[in-house]
Amino acid sequence: MTQIYLDNAATTPLLDEVIDAMVVVMKNNFGNPSSTHTLGQEAKTILEETRRKIAHELHVSPAEIIYTSCGTEANNLILKSAVEDLKIERIITTELEHKCVAESVENLKNSKNVEVIYLNVNEKGDVDIEQLQQLLKSSDKKTLVSLMHANNEIGNLLDLDKVANICKENGAYFHSDTVQTMAHLPLDFSKTLVDFASCSAHKFHGPKGAGFAFIRKSTHLKAQIHGGTQERNVRAGTENVVGIAGLGKAFEIATDNLEKFSSHIQEIKDYAIQRLSEKIPGILFNGRSAERDKSLYTVLSVSLPSQNPLIGLQLDMKGIAVSQGSACSSGAAKPSSVLSKILSEETQQNTTPLRISFSHKTTKEEIDALVNALAEILRL
């Protein structure tokens, strides 16, 4: 059976070029990058050259790129260190954030007595930016705003520049979970003045176990993991040189081909919207998922016009891999936290959610196969 993979928001397959780059490092660069001998310094060079290339693409200083194991670690590092080192008293966020942010914020609320305010969101998943502005103006509490750039389930895009400017005007720090948009959208942190951002390599055809945190140097965040001076004293532990080499190669391929890849994927997404609308009467598109320029081109969230909790399994048996929510919520019987916040109770009870996510390798033939399979399962 030919496997059709449409769950790229959960993870992406490794590119051959990335595998090749990692194999070279596995064979030839096994030294510890903290060692002073030649083998160690060769490994260190791989780290620093990759760091420099990433920093150049984001228009930041290499010292502001801190390697982590993934986006979850990066977000935890940023949020928890901000409270401990910057003495943040209040976090403003939403109930639509990724679990690693949502649960970290809840932990800080309970363990550090941080005030947490959740911004209003409408039925489309739009964040109430006016409310954010009012909250920042009405209090002099030291505040961190944490809002994701693109929602991992419905794809809604946040106006990063607008939020960053509001935060700067009001003396607040701004953290954005950019895991879904890093290397998928052009990001220039010399102009878009976020203080903190996050990355996970496996979202753009790199390896799992490698990522980074962007931490603006002026914030002076400190480590959450102790035991060494690695990563500018911000993240102790021997770096994953092989994984970082893969991260660097995947990041380079993604950014060098950004226009070509994004154009192809947007065409595929538009085609999927068209075919689903034609073949599945009553289908709903969740959030801003089907709206160009308001949603990330890699993600399409739909609600199918009947209740069928086994739809993911049925599609899997036909060789089609999709998601019914975020990967971090897989296996849960209840609706995703995102959809439960924006969909009416009636819609939730009478529809089945599906997240379809694309890559530059996705074809129209694969979309046709998905649509035909759904029509067969739903008996349309």
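L15 is buried, with a relative accessible area of 6%. The model is predicted. L15 sits in the loop that joins β1 (4-5) to α1.

**Around L15**
- Not counting residues up to four places away in sequence, L15 touches H205, I253, H360 and K361.
- P207 is 192 residues from L15 in sequence, yet the two are 9.3 Å apart in space, C-alpha to C-alpha.

- In soluble globular proteins, nonpolar side chains tend to be buried together.
- The largest nonpolar core here has 52 residues, and L58, V145 and F174 have the most contacts inside it.
- At least two residues of this core come from each of α1 (16-28), α2 (38-58), β2 (65-68), α5 (129-137), α6 (160-169), β7 (196-200), β8 (211-215) and α7 (241-256).
- The element that gives the most to this core is α7, with nine residues.
- A second, separate core has 35 residues, among them I4, A9, I268 and V371.
- Leaving aside neighbours within four places in sequence, V145 is in contact with I92, L132, L136, V163, C167, A172, Y173, F174 and H175.

**Helices α1 and α7**
- Two packed helices are described by the angle between their axes and the distance between the axes.
- The axes of α1 and α7 come within 8 Å of each other and cross at roughly 150°.
- Angles over 145 degrees count as roughly antiparallel, so α1 is roughly antiparallel to α7.
- The crossing of these two helices, α1 and α7, is right-handed.
- On the α1 side the contact is made by E17, V18, A21, M22, V25 and M26, and on the α7 side by V241, V242, A245, G246, K249, A250 and I253.
- By type, the residues of the contact of α1 with α7 are ten nonpolar, one polar and two charged.
- I253 of α7 belongs to this contact, and I253 is also one of the residues that L15 touches.

**Helices α5 and α6**
- For α5 and α6, the axes come within 10 Å and cross at roughly 10°.
- Angles under 35 degrees count as roughly parallel, and α5 and α6 are therefore roughly parallel to each other.
- The α5–α6 crossing is right-handed.
- From α5, the residues I129, L132, Q133 and L136 meet K162, V163, I166, C167 and E169 of α6.
- The contact of α5 with α6 comprises six nonpolar, one polar and two charged residues.
- L132 and L136 of α5 and V163 and C167 of α6 take part in this meeting, and V145 is in contact with these four residues as well.

Methods
Residues are numbered from 1 along each chain as its sequence is written. This is a predicted model: local features need pLDDT of at least 70, side-chain atom pairs count only at pLDDT 80 or more; totals for chains, interfaces and linings use all residues. Side-chain values use heavy atoms; hydrogens and water are left out. A nonpolar core is a set of buried Ala, Val, Leu, Ile, Met, Phe, Trp, Tyr and Cys residues joined through side-chain atoms within 4.5 Å. Buried means under 20% relative accessible area, exposed over 50%, partly exposed in between (1.4 Å probe, protein chains only). Helices (H or I, at least four residues) and strands (E, at least two) are DSSP runs, numbered from the N terminus. Contact means heavy atoms within 4.5 Å. Axes are lines fitted to C-alpha atoms, for helices over the stretch in contact, and angles run from 0 to 180 degrees between N-to-C directions. Angles under 35 degrees count as roughly parallel, over 145 as roughly antiparallel, 65 to 115 as roughly perpendicular and the rest as oblique. A crossing is left-handed if the near helix is turned anticlockwise from the far one by less than a right angle, and right-handed if clockwise. Ala, Val, Leu, Ile, Met, Phe, Trp, Tyr, Cys and Pro count as nonpolar, Asp, Glu, Lys and Arg as charged, and the others, Gly among them, as polar.
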